[in-house]
Amino acid sequence: MKNPLKTLLLTAIGAATILSTSSLTHAAEKVRVSIFSWPTYGFWFIAKEKNLAPDVDLDIQIIEDPMQSFGMMSAGQLDVISSTGEYGPIAAEAGSPIKYVAYHGLSYGTDKIIARQEIKTAADLKGKSVAVMEGGLSQIFMGIYLEINGVPFADAKYVNVIMDDAAAAMIGGEVAAGEFWEPYGGQVLKNIKGSHVLANSHDPYWLKTGLLHDAVYMNADFIKNKPEVAKNVMKGWYEAIKFWRANPAEGNAIIAKAIKFDVSAVEETIGSDGKPKVGGMYVYSFEEAARYMGVLPGDAPEGQSNGQVKATTKLTNDWWVKFGIMKKDMPIEASVDLTPLKMLADEGYKAEAK
């Protein structure tokens with residue numbers, strides 16, 4: 001005989017089970033990420049494919065023009081951008097809701113200033129045209145190179161060209177020198193007889209400045225309104241680097257497929273053994289980046305100080321004022337937000353092997 005009370009209890013238990021299960025499962029938070037096609041930004045794809053940020057649904061777009069991405073972030077259409085590290089002060093002065101939140105990695109020789117055969121020293125560049133990307137780190141790289149070698153930065157003529165055009169300008173003799181990253185630098189050295197390297201980002205001076213680097217930016221409102229999500233995004237990023245350091249072949253294959261590069265091109269940039277790639281990039285672990293940002297004790301790599309972000313941001317700001325791209329010195333807090341990395345540090349997150 002059917003027991004009405006027992007039936008009621010079983011029904012109630014079933015309903016409670018459904019409610020309990022429902023409360024434990026929740027949709028991952030969608031986060032809109034933009035990169036351009038460069039291997040060091042590909043760690044987002046490792047995080048997504050290996051589910052290393054389980055609370056986050058990474059919606060990754062490849063947008064080749066960083067300025068388009070920054071414009072979209074200003075309009076609230078992006079949450080996270082991976083790009084080169086010079087944009088923070090510019091965004092701050094413009095009042096854009098864009099914050100620099102983490103140091104990606106250091107140019108470890110991928111960037112070079114290459115000159116034609118007849119240019120022997122910086123002094124030979126006086127009055128000559130040099131190829132750079134105006135508003136990019138390559139322009140600052142060239143300006144500092146000239147000044148530390150006794151040539152006022154304004155004594156050279158800066159020609160604003162993208163990398164393919166820079167190589168063509170060198171070959172055609174339109175510029176006497178230019179700033180190149182790989183694989184373009186190697187192609188120039190191979191194809192222009194007598195061309196040679198004047199400055200290399202792997203030189204200790206440049207490594208210590210931390211100037212030539214990639215960074216993570218976030219929308220200021222995203223950080224303010226969803227700090228836990230912002231923290232989880234960065235945790236996923238550093239878990240991806242941790243995975244890659246232990247499984248470089250698999251990690252490089254994921255990156256190559258996502259950004260449509262040959263695996264060999266990825267290896268030329270970030271290496272094949274999970275270690276810093278001389279001639280390419282040095283991808284920072286959480287601990288290394290956190291020291292650079294000043295949220296963990298100890299010095300950052302390559303002679304950089306704890307909290308190096310302050311000096312590097314000031315250096316960048318100063319040069320944008322020199323070049324007329326900015327008008328004034330902005331306070332560090334106007335462009336940098338430590339919240340996501342500090343939250344990770346405060347909860348004791350560790351990515352490096354003990």
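Okay, quick definition before anything else: pLDDT is the predictor's confidence in each residue, on a scale from 0 to 100. Where pLDDT is low, the predicted coordinates should not be read in detail. For the chain as a whole, the average pLDDT is 91, and 92% of the residues score at least 70.

Let's go to the sheet. Six strands make up an open sheet, and the order across it is E2-E1-E3-E10-E4-E11, with mixed pairing. At the edges sit strand E2, residues 56-62, and E11, each of which pairs on one side only. From one strand to the next, the twist averages 30 degrees. And on that sheet packs helix H10, which touches E1, E2, E3, E4, E10 and E11. If you compare directions, H10 makes about 10 degrees with E4.

Now walk across part of it with me. Start at strand E3, residues 80-84, which pairs with strand E10, residues 213-219, in the antiparallel sense over five bridges. To find your place there, look for Ser82, which stands opposite Val216 in E10. On we go from E10 to E4: those two run antiparallel as well, joined by seven bridges. The pair to click on here is Tyr100, with Tyr217 of E10 opposite. Then comes E4 with E11, antiparallel again, over four bridges. Gly105 has Val283 in E11 as its bridge partner.

How many of E4's residues are buried? The count is 11 of its 11, so to speak a mostly covered strand by the definition of buried, under 20% relative accessible area.

That brings me to helix H13, residues 286-293, which is mostly covered too, with seven of its eight residues buried. The buried ones are Phe286, Glu287, Glu288, Ala289, Ala290, Tyr292 and Met293. Notice that two glutamates, Glu287 and Glu288, are in that list.

Next, a pair of helices. H11, residues 248-259, and H12, residues 263-270, have axes that come within 9 Å and cross at roughly 115 degrees. The crossing is right-handed. From H11 you get Asn252, Ala253, Ile255 and Ala256, and they meet Val263, Val266, Glu267 and Ile270 from H12. By type, that contact divides into six nonpolar residues, one polar and one charged.

Last stop is a loop residue, Gln117, between strand E5 (111-115) and strand E6 (129-132). Is Gln117 buried, exposed or partly exposed? It counts as partly exposed, because its relative accessibility is 42%. Setting aside neighbours within four places in sequence, Gln117 is in contact with Lys193, Gly194, Ser195 and His196. Have a look at Ala176 as well: Gln117 and Ala176 are 59 residues apart in sequence, yet their C-alpha atoms are 8.8 Å apart in space.

That's my tour, thanks.

Terms used:
Residues are numbered from 1 along each chain as its sequence is written. This is a predicted model: local features need pLDDT of at least 70, side-chain atom pairs count only at pLDDT 80 or more; totals for chains, interfaces and linings use all residues. Side-chain values use heavy atoms; hydrogens and water are left out. Buried means under 20% relative accessible area, exposed over 50%, partly exposed in between (1.4 Å probe, protein chains only). Axes are lines fitted to C-alpha atoms, for helices over the stretch in contact, and angles run from 0 to 180 degrees between N-to-C directions. A crossing is left-handed if the near helix is turned anticlockwise from the far one by less than a right angle, and right-handed if clockwise. Contact means heavy atoms within 4.5 Å. Ala, Val, Leu, Ile, Met, Phe, Trp, Tyr, Cys and Pro count as nonpolar, Asp, Glu, Lys and Arg as charged, and the others, Gly among them, as polar. Two strands pair if DSSP finds at least two bridges between them.
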